[in-house]
Amino acid sequence: MREPEAYGVFWITREDYPRFLAHCVDRTELPATYEKWASDVAQRFQQFEQRGFKLVRVVFNLDELLAWCGTHRRQVDAKARGAYAAYVAATTSGQGHEHH
């Protein structure tokens with residue numbers, strides 16, 4: 001039986017969260033605090049895993065995200081964050097990134 005495809009889930013560090021919010025065009029839709037954001041994402045992560053999805057927490061440097069968005073001419077929004085997480089998960093197979 002084939003193992004399910006892994007999906008990359010964007011994860012930012014506590015230290016980068018304030019600067020991350022400042023760059024997000026959709027910041028009004030995001031929690032104001034890292035604690036709330038991390039709690040919300042962890043809850044969704046668990047819900048998807050319970051339904052059989054294989055998820056990989058992709059922890060990366062904010063400067064790398066900003067550079068990728070610039071190179072691909074994308075605003076920092078939910079779609080770009082998801083695309084970047086998928087790109088990192090696919091190109092690194094999670095090397096150097098935390099798996100959950």
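**Entry 1. Phe10 and Trp37**

I started with two rings. Phe10 is buried, and Trp37 is buried too. I kept in mind that this is a predicted model.

I then looked up aromatic pairs and found eleven in the structure. The ring centres of Phe10 and Trp37 lie 6.3 Å apart with the planes at 80°, so I logged the pair as edge-to-face. Phe10 sits in strand S1 (residues 6-11) and Trp37 in helix H2 (residues 34-50). The two are 27 residues apart, and the pair links distant parts of the chain.

Which residues do ring pairs link into a cluster? I noted Phe10, Trp11, Tyr17, Phe20, Tyr34 and Trp37.

**Entry 2. Charges over rings**

I checked arginines against rings. The charged end of Arg57 sits over the ring of Trp11, 4.1 Å from the ring centre. Trp11 is also one of the residues in the ring cluster. The charged end of Arg51 sits over the ring of Phe48, at 4.7 Å from the centre.

**Entry 3. The overall chain**

I stepped back to the fold. The chain has four helices and two strands. Along the sequence I read the pattern β-α-α-β-α-α. Of the 100 residues in the chain, 35% are buried.

I also looked at sequence separation. Taking contacts between residues at least 6 apart in sequence, I found that 64% join residues at least 24 apart.

**Entry 4. The core**

I looked up the largest nonpolar core next. How many residues does it have? It has 28, and those with the most contacts inside it are Phe10, Tyr17, Phe20, Trp37 and Leu65. I listed the elements giving two or more residues to this core: S1, helix H1 (17-23), H2, strand S2 (54-59), H3 and helix H4 (78-92). I set a general remark beside this: nonpolar side chains tend to be buried together in soluble globular proteins.

**Entry 5. Tyr17 and Tyr34**

I took the two tyrosines of the ring cluster together. Tyr34 is in helix H2. Is Tyr34 buried or exposed? Tyr34 has a relative accessible area of 12%, so I count this residue as buried; the cut-off is under 20%.

Leaving out residues up to four places away in sequence, Tyr34 touches Trp11, Ile12, Thr13, Arg14 and Tyr17. I also recorded a backbone distance.

Tyr17 is in contact with Ile12, Leu30, Pro31, Ala32, Thr33, Tyr34 and Trp37.

**Entry 6. Phe20 and Arg81**

I found Phe20 in helix H1. Phe20 is buried, with a relative accessible area of 1%. Beyond four places in sequence, Phe20 is in contact with Phe10, Ile12, Leu30, Leu62, Leu65 and Arg81. The C-alpha atoms of Phe20 and Val76 are separated by 8.9 Å, and the two residues are 56 apart along the chain.

Arg81 was my next stop. This arginine is in helix H4. Where does Arg81 stand on accessible area, buried or exposed? At a relative accessible area of 7%, Arg81 is buried. Not counting residues up to four places away in sequence, I listed Phe10, Phe20, Cys24, Asp26, Leu30, Leu65 and Val76 as touching Arg81.

**Entry 7. Helix H3**

I went through helix H3 (residues 62-71) by burial. Leu62, Leu65, Trp68 and Cys69 are its buried residues. They span an arc of only 125° around the axis, which puts them on the same side of H3.

I then checked the ends. Asn61 caps the N-terminal end of H3, with a side-chain oxygen 2.6 Å from the backbone nitrogen of Asp63. Just after H3, Arg73 takes a positive phi of about 50°.

**Entry 8. Arg73**

I followed up on that angle. Arg73 lies in the loop between H3 and H4. The positive phi occurs here in a residue other than glycine. In general, most residues other than glycine have a negative phi. Arg73 is exposed, with a relative accessible area of 79%.

How values were computed: Residues numbered from 1 in each chain as written. Predicted model: local features only at pLDDT ≥ 70, side-chain atom pairs only at ≥ 80, totals over all residues. Heavy atoms only, no water. Phe/Tyr/Trp six-rings, centres within 6.5 Å; stacked < 30°, edge-to-face > 60°. Buried < 20%, exposed > 50% of the residue type's maximum accessible area, 1.4 Å probe, protein only. Lys NZ or Arg CZ within 6 Å of the ring centre and 35° of its normal. Arc of directions from axis to C-beta. Polar contact = N/O pair within 3.5 Å; in protein donor to acceptor, adjacent residues only side chain to side chain. Contact = heavy atoms within 4.5 Å. Core = buried A, V, L, I, M, F, W, Y, C linked by side-chain atoms within 4.5 Å.
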